[in-house]
Amino acid sequence: MSEYRTIDINEYVRTGEGGTAVSYKHKSRNTLAKLYNPGFEADSARAEFLTARAVFELGISTPEPICLVTDGERFGAEYEFIPGKRSFARIISEEPDRLEEISLTFAREARKLHETKADTTRLRSYKDRIRQFYLEKDMVPEEYKRRALFFLESVLDTPYCVHGDLHIGNIITNGAHIWWIDVGEFAYGEPEWDLSLMWTMCHNMSRAMAEHLFHVTTETLNAHWNAFLPAYLGTSDPEVHAQFVKRLLPYYASKVPHMLDMAEHRRLPEEAVQKLINLLPQL
């Protein structure tokens, strides 16, 4: 644990909370400590930090990762703090009349990210990350696992960037510049890995969770998707949209158990298993 610098949490002010971690702004310098919730292993924080360094050094616009930190119980890392920043989610929440503008900007930034060549020597294949989850963990029924692994055989390993946790809470701006944040799941592969998660957040998230994570209603998330998708795909053709969403569904079904395990360390509920398994191809 010598690589972790111990911090005094009393020198920080709590600024935000996500599904897996809490953020704290240092009281006297422009740094932000992100500490994983209790139960997350030190190795997980280290892996996220190394990924964030690789992303930063690739030239992706993201706050600089500075060092690994611990408060004695939780593990995480300290990052450059961007004064005057707001997430896209916060902007939409506070200025709802800007929803279309922010959604179109998000589409442009996502497209730019997905067209950026990744450093495949330092970043993982997202497909391999999901495959490893199914091979190493017993979080879904055997039939679900077989069908997910069968689907993964058909997925291409394209060498372009994917965020891994793409949504309006993980992109910030100070009005002059835009940064991606929370890049611990950053990898390379098909953009469907990103867009399938975004689709389900915009269509299947509970009202309570939408308010907790994004400070908006589920109707707002749905409107965000409806503005985002035509801009991202470059067409308003509803048939193209429908076919694209259909393509996303097996990515969504493959990814959700991994995300649930990562965020909450629990298995997919049985009712969800029965719903999602039908989105995966038959063997």
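User: Are Phe 106 and Phe 228 buried or exposed?
Analyst: Buried means under 20% relative accessible area and exposed over 50%, with partly exposed in between (1.4 Å probe, protein chains only). By that rule, Phe 106 and Phe 228 are both buried.

User: What kind of model is this?
Analyst: Residues are numbered from 1 along each chain as its sequence is written, and side-chain values use heavy atoms, leaving out hydrogens and water. Local features need pLDDT of at least 70, side-chain atom pairs count only at pLDDT 80 or more, and totals for chains, interfaces and linings use all residues, as the model is predicted.

User: How many aromatic pairs are there in the whole structure?
Analyst: Rings of Phe, Tyr and Trp (its six-membered ring) pair if their centres lie within 6.5 Å; planes under 30 degrees apart are stacked, over 60 edge-to-face, and the rest tilted. The search over the whole structure gives 11.

User: Why is the pair of Phe 106 and Phe 228 given its class, and which is it?
Analyst: Phe 106 lies in helix α3 and Phe 228 in helix α8 (residues 218–233), so the pair ties together parts 122 residues apart in sequence. Helices (H or I, at least four residues) and strands (E, at least two) are DSSP runs, numbered from the N terminus. The ring centres of Phe 106 and Phe 228 are 5.7 Å apart and the planes stand at 55°, so the pair is tilted.

User: What class do Phe 133 and Tyr 134 form?
Analyst: Phe 133 and Tyr 134 are both buried. Their ring centres are 4.9 Å apart and their planes at 70°, so the pair is edge-to-face.

User: Arg 111 lies over the face of which residue?
Analyst: A charge sits over a ring if NZ of Lys or CZ of Arg is within 6 Å of the ring centre and within 35 degrees of the ring normal. Ring pairs link Phe 88, Phe 106, Trp 180, Trp 225, Phe 228 and Tyr 232 into a cluster. Arg 111 is placed 5.0 Å from the ring centre of one of these, Tyr 232.

User: Which strands stand at the edges of the open sheet of 3 strands?
Analyst: Two strands pair if DSSP finds at least two bridges between them. The sheet has antiparallel pairing in the order β7-β9-β10. Each edge strand has a single partner, so one side is left without a neighbour in the sheet; these are β7 (86–87) and β10 (178–180).

User: At what angle does helix α3 run to β10?
Analyst: Strand β9 (residues 171–173) is joined to β10 by 3 bridges, and helix α3 (residues 99–114) lies across both strands. Axes are lines fitted to C-alpha atoms, for helices over the stretch in contact (heavy atoms within 4.5 Å). Angles run from 0 to 180 degrees between N-to-C directions, and this one is about 55°.

User: How many residues of strand β4 are buried?
Analyst: β4 pairs antiparallel with β3 (residues 21–26) over 5 bridges and with β6 (residues 75–80) over 5 bridges. Thr 31, Ala 33 and Leu 35 point one way, and Leu 32, Lys 34 and Tyr 36 the other. Strand β4 (residues 31–36) is largely enclosed by the rest of the structure, because the buried count is 6 of the 6.

User: How many disulfides does the structure hold?
Analyst: A disulfide is a pair of cysteine sulfur atoms within 2.5 Å. Cys 161 is buried at a relative accessible area of 1%, and Cys 202 is buried at 6%. The number of disulfides is 0.
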